Amino acid sequence: MANGKTKLAVIAGVALASSLVAAAFAATQGTPGATSTGSADVRAEKESAVSITGLNDIVFAASATTPAPLADPVCVFSNPGSYTVNVSSANAAGGTYRLSSGSGFINYSVSWFNAGSGGATVALTSGTASPSITGADQTSPTCGGGDTARIQVTIDPATYISAPAATYTDTLTIIVSPT
Amino acid sequence: MQSRRILVLVAAAVATLSIAAFSAADRPMAGERPGITVGVTKLPPDKPATGQVAVGVTKLAS
């Protein structure tokens with residue numbers, strides 16, 4: 001009989017404990033209320049973006065004498081506002097820019113200006129990134145239809161005069177990176 | 001006597017579970033945590049832009 005009472009007491013205890021555990025889980029889970037209040041810090045890290053547009057080929061007029069420098073205005077968009085530019089020549093010898101006829105070469109130099117007109121100039125070396133340049137458009141990837149920089153090519157008179165008559169070409173690859 | 005002991009044990013178990021229940025209730029729920037930081041980092045950053053320009057000149061005989 002005592003054994004039966006004991007069993008009954010244990011069963012009752014377990015049932016009570018189970019209901020309390022269920023109540024505990026109900027209390028922690030809850031459901032969202034209409035006036036629930038919380039706070040959250042929202043952080044977004046926006047990557048730097050850059051683009052270069054408005055590039056045109058630079059073709060000098062045929063001439064027996066050294067042509068005057070030519071410049072091509074371009075649009076550089078960089079949301080930090082500054083950037084580096086790395087302009088490399090397909091026919092470079094070391095850091096020297098060269099035009100090639102296939103058998104002969106004419107040296108030339110490349111300068112970068114931080115404005116469509118005027119501005120500060122940076123002399124470039126083929127395959128080497130420039131120091132940080134300011135003046136990029138920070139809001140419009142198309143510079144609002146204008147230009148924020150220009151690339152200038154100046155042919156070396158010494159190698160031009162001594163080069164045989166021919167057509168000389170090169171391809172410049174321009175890499176602009178935000179800084 | 002044995003029934004009494006059992007009842008004491010049950011009472012102790014109930015007390016323990018009650019404490020556990022209150023502790024659980026005090027814990028913040030997922031939707032109630034203050035100061036949650038939500039962030040996003042888009043990779044890769046600082047992707048460069050590239051372009052190409054042809055340069056050409058025809059040297060005439062002097």
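In this predicted model, the secondary structure of chain A comprises 2 helices and 11 strands. Their order along the sequence is α-β-β-β-β-β-β-β-β-β-β-α-β. Chain A has 179 residues, of which 24% are buried. Of the contacts in chain A between residues at least 6 apart in sequence, 71% join residues at least 24 apart.

Two loop residues of chain A, Ser126(A) and Cys143(A), are described below.

| Residue | Loop in chain A | C-beta atoms of other residues within 10 Å |
|---|---|---|
| Ser126(A) | between strand 8 (121–124) and strand 9 (133–134) | 22 |
| Cys143(A) | between strand 9 and strand 10 (149–155) | 21 |

Ser126(A) is buried because 22 other C-beta atoms lie within 10 Å, and the cut-off for a buried residue is 20 or more. Not counting residues up to four places away in sequence, Ser126(A) touches Val87(A), Ser88(A), Ser89(A), Ala92(A), Gly95(A), Thr96(A) and Tyr97(A). Ser126(A) is also 7.5 Å from Gly94(A), C-alpha to C-alpha, although 32 residues separate the two in sequence. The loop that holds Ser126(A) runs between strand 8 and strand 9 of chain A.

The backbone of Cys143(A) has a positive phi of about 55 degrees, although Cys143(A) is not a glycine.

Definitions and conventions: Residues are numbered from 1 along each chain as its sequence is written. Chains are lettered from A and ligands numbered from 1 in the order in which they are written. This is a predicted model: local features need pLDDT of at least 70, side-chain atom pairs count only at pLDDT 80 or more; totals for chains, interfaces and linings use all residues. Helices (H or I, at least four residues) and strands (E, at least two) are DSSP runs, numbered from the N terminus. A residue is buried if 20 or more other C-beta atoms lie within 10 Å of its own, exposed if 12 or fewer, and partly exposed in between; C-beta atoms are placed from the backbone. Two residues are in contact if their C-beta atoms, placed from the backbone, lie within 7 Å.
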